[in-house]
Amino acid sequence: MIPRIEYIFLKKIIEKKNIIFVTSLFIIALLLRISGRNFLSGDMQRFLIPWFIEIKGNGGLHSLTEQVGDYGLLYQTLISLMTYIDINPLYLYKLLSVIFDIFLAYSVYKVVKLTNPKQSKIVSIISGGVIMLLPTVIINSSYWGQCDSMYSFFCISCLYQLHKESYLKSFIFLGLAFACKLQSVFILPFIFFYYLKDRRFSVLYFLISIFVVWLVGIIAFCEGRSLLTPIEIYHYQTFEYQAMYMNFPSFWMIAGNDYSTLKVPSVLFTGLLVLVGGFYYLSNEKYQGKNEFWQVVTWFVWTMVLFLPSMHERYAYLLDILLILLCFENHRFIKYAIITSCLSLYAYGNYLFDRERNPYMQFCAFLFVLTYVSFSYSLLVSTKERTCLK
């Protein structure tokens, strides 16, 4: 016979199993991040820490009188604020990113809860746990010290509010996303076509995002920076990397790396695909209202990531998050999430831990393209099936 006190203890564990499980996931996620705190990446050595030292030497917030590094004003302002904290900048960068990991996981939890209201709450919580435990999310913040969780959180929050028809909040988040990182442009085509199809909010809402981009730079403007600075920063970033792909399984890894010849055609080709996809979205009655909202978002993001030039190994970050989110909407998307997350992890590992030339990256590019084609076809087939059922 089991002792009564032990029986009661085990019964309590079973009763509180959901809380214990979620708490355990969170603790493991934090321990995994702590384990990477001392890893010093090449980007941290060459760029982030030198920028921190320069900003601190120029007076913290007073350094905003000039551009340091190639990030937007929001991130430069946050770095300026961090210089007033007497902690190793390596830890400060990573702590900031880890905080946004938590925000990102919470935003995914909110989306899953909104799109699947009939399922148990624990499923929505697990979706956030998956984000916290995703290897690329952990590596990006706690090893690499990059801020992709920041702009991704703002993008997911923007789309979440758009889905809820909270348009003011949505465009505030869109502005914050753009103020953080140029890669927020990945969600812009969907928002534009959703505006055309939904017709529930004015085009003037886009001005809110523009206002927010300038508002977050208010300290820099008070320090004497030009009002054109946000445009100048992103204009510089557009021409910073003269390559069709950068350690990323892009379509152009298959087609070629002649940047001077292929840059303009690649942008036009991407624009063509976005236009065709947008036209199909506007023309198909099955996309009325919120139908396939997150699937269509994912397709637009994937199209831009795959076909635009100068994509880096981290630029599929938002795509990976969206595909994991879709897994909780329909299990048929699990295979796509696994493939893209593994390809991202492979690119991360190759860049951070093994700087040798990778002969398998071209194979990854073929796999990435085929997975994109399969995903696109799955959206078409699912639409046709619903049409037949009707």
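Buried means under 20% relative accessible area, exposed means over 50%, and partly exposed lies in between, with a 1.4 Å probe and protein chains only. This is a predicted model, in which local features need pLDDT of at least 70, side-chain atom pairs count only at pLDDT 80 or more, and totals for chains, interfaces and linings use all residues. Residues are numbered from 1 along each chain as its sequence is written, and side-chain values use heavy atoms, with hydrogens and water left out.

**The whole chain**

Start with a cartoon view. The protein has 19 helices and two strands; these are DSSP runs, helices being H or I of at least four residues and strands E of at least two, numbered from the N terminus. Along the principal axes, the C-alpha trace spans about 75 × 55 × 50 Å. Of the 390 residues, 52% count as buried.

**The core**

Next, select F190 and I191. In the largest nonpolar core, which has 111 residues, these two touch the most other members. Such a core is a set of buried Ala, Val, Leu, Ile, Met, Phe, Trp, Tyr and Cys residues joined through side-chain atoms within 4.5 Å. Helix α16, residues 293-307, gives the most to this core, with 12 residues. Stay on I191 and show its contacts (heavy atoms within 4.5 Å). Beyond its neighbours within four places in sequence, I191 meets C158, L159, L162, F171, L174, F201 and F206. A second, separate core has six residues, including L73, A220, F221 and Y234.

**Helix α19**

Now select C364, in helix α19 (residues 361-389). Is C364 buried or exposed? Its relative accessibility is 6%, so C364 counts as buried. Leaving out residues up to four places away in sequence, C364 touches P249, L343 and Y346. For a distance to draw, take C364 and S376: they are 12 residues apart in sequence and 18 Å apart in space, C-alpha to C-alpha.

**Two loops with positive phi**

Move to E165, in the loop between α8 (148-163) and α9 (167-180). E165 is not a glycine, yet its phi is positive, about 70°. With a relative accessible area of 36%, E165 is partly exposed.

Finish at R199, in the loop between α10 (188-198) and α11 (205-215). What is the phi of R199? Phi of R199 is near 55°, a positive value in a residue other than glycine. R199 has a relative accessible area of 66%, so R199 is exposed.
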